[in-house]
Amino acid sequence: MATTRMFCFVPVMLLMGCFCSAKIYNVGDSKGWRAKKGGTYYEWTKRKEFQVGDSLMFEYDGNVNDVTQVSSRLEYQFCNSHSPKAVYNTGHDVVTLTEPGYHFFITSNHSQCVAGQKLVVFVVHDHPTIPPPPRKILPFGKDYKVGDSNEWKVPEESDFYSKWSDEKQFHVGDNLLFYYNDQVDDVLEISSDLEFKSCDTTSPVAVHNGGQDLISLTKPGIRYFITSKIGHCEAGLKLRVVVRPLSRSVPKKMQSSPFDRLIKWLHDSFRPHPHH
């Protein structure tokens, strides 16, 4: 198996019913830590969710390679091992992920790194030590994986992401998680509906290219996301999300607000139509 699950139980007298769990991931599964002909370890990481407390197991030939942890995306992209955060060289290294965020790993063997022996993992949150509160108590702060199983890539139908967004209600405090092949696509946030419709990449608000990007929805309004890759946005790789204010309990029959009516008009007016 590629992962091993460990359980540690706290005595009932101390924390009744509490437990913590963590996973050990064997990097590259049976192939181990080595240069990959198909590029980076994107395919290996994209189906996994790494959490604080999980560990990465690197198995490799210590006479040829090592595991060099670097601090920045630039060091990762350009295989720069001159100022490592940590270096492991036993051939059988277990690295525990102790904090959320991006973690970058390369080999100091430059030719091997350039050939694809590099790994970036995004650690999303801690393993719970107590049962999480029910959704009725904390109804906000949902994490949405963009495109669900389709992830962020050119869809078969050009209106796929429009339909995906229309089926959901996003609120302030929610998060969008973009999973994609960073060798093929990226995520650009733009500011206007005109840029969205014309796939204009000249003045982005933000650019994300990590392959696993978490974007927080911090205020109400409309957020626009496209890709800079030629032809991909025009083929439907674009997302518009409507972020609503933190909702409060209201009577079900209450008339929709002016904001809701505006959003409905925008969706009805500008929803992309599939190409035939």
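In these legends, two residues are in contact when heavy atoms of each lie within 4.5 Å. This is a predicted model, so local features need pLDDT of at least 70 and side-chain atom pairs count only at pLDDT 80 or more, while totals for chains, interfaces and linings use all residues. Residues are numbered from 1 along each chain as its sequence is written, and side-chain values use heavy atoms, with hydrogens and water left out.

**View 1. F225 and its partners in contact.**
Start with F225 and look around its side chain. Leaving aside neighbours within four places in sequence, F225 is in contact with W152, L176, F178, V187, L188, E189, F196, I215, K238, L239 and V241. Several of these names return in the next view.

**View 2. The largest nonpolar core.**
A nonpolar core is a set of buried Ala, Val, Leu, Ile, Met, Phe, Trp, Tyr and Cys residues joined through side-chain atoms within 4.5 Å. Buried means under 20% relative accessible area, exposed means over 50%, and partly exposed lies in between (1.4 Å probe, protein chains only). The largest core here has 18 residues, and those with the most contacts inside it are V146, W152, L176, F178, F225, L239 and V241. At least two residues each come from α4 (160-166), β12 (175-179) and β17. The largest share, three residues, is supplied by β17. Another core lies apart from this one; it has 17 residues, among them V52, V67, V95 and L97. The helices (H or I, at least four residues) and strands (E, at least two) named throughout are DSSP runs, numbered from the N terminus.

Two strands pair if DSSP finds at least two bridges between them. Follow the open sheet in the order β11-β17-β16-β13-β14, where the pairing is mixed. At its edges stand β11 (170-171) and β14, each with a single partner strand, so one side of each is left without a neighbour in the sheet. Inside the sheet, β16 and β17 run antiparallel and are joined by six bridges. To find your place there, look for G221, which stands opposite V243 in β17.

**View 3. E189 and V205, buried or exposed?**
E189 lies in strand β13 (residues 187-190), and it counts as buried because its relative accessibility is 9%. Beyond four places in sequence, E189 touches P204, V205, A206, R223, Y224 and F225. V205 sits in the loop between α5 and β14 and counts as exposed because its relative accessibility is 56%. With residues up to four places away in sequence left out, V205 touches E189, I190 and S191. The C-alpha atoms of V205 and S191 are separated by 6.5 Å, although these residues are 14 places apart along the chain.

**View 4. A sheet of three strands.**
This open sheet has the order β10-β12-β15, again with mixed pairing. Its edge strands are β10 (143-145) and β15 (212-216), each of which pairs on one side only. On average, neighbouring strands of the sheet are turned by 20° against each other, direction ignored; the axes are lines fitted to C-alpha atoms, for helices over the stretch in contact, and angles run from 0 to 180 degrees between N-to-C directions. Three bridges pair β10 with β12 in the parallel sense. Here D143 stands opposite N175 in β12.

**View 5. The disulfides.**
How many disulfides does a search of the whole structure find? There are two, each defined as a pair of cysteine sulfur atoms within 2.5 Å. One joins C79 to C113, with an S to S distance of 2.1 Å. That link is left-handed, with -85° about the S-S bond. It connects distant parts of the chain, 34 residues apart: C79 is in the loop between α2 (73-77) and β6 (86-88), and C113 is in helix α3 (residues 110-114). Both C79 and C113 are buried.
C199 and C233 form a disulfide with sulfur atoms 2.2 Å apart. The torsion about their S-S bond is about -80°, so this disulfide is left-handed. Here too distant parts are linked, 34 residues apart: C199 lies in the loop between α5 (193-198) and β14 (206-208), C233 in the loop between β16 (221-226) and β17 (238-244). C199 and C233 are both buried.

**View 6. Confidence along the chain.**
pLDDT is the predictor's confidence in each residue, from 0 to 100. The protein has a mean pLDDT of 80, and 75% of its residues reach 70 or more. Over residues 1-19 pLDDT stays under 50, and the model has 27 contacts beyond four places in sequence for this stretch. Residues 248-254 also stay under 50, with zero such contacts. Where pLDDT is low, the predicted coordinates should not be read in detail.
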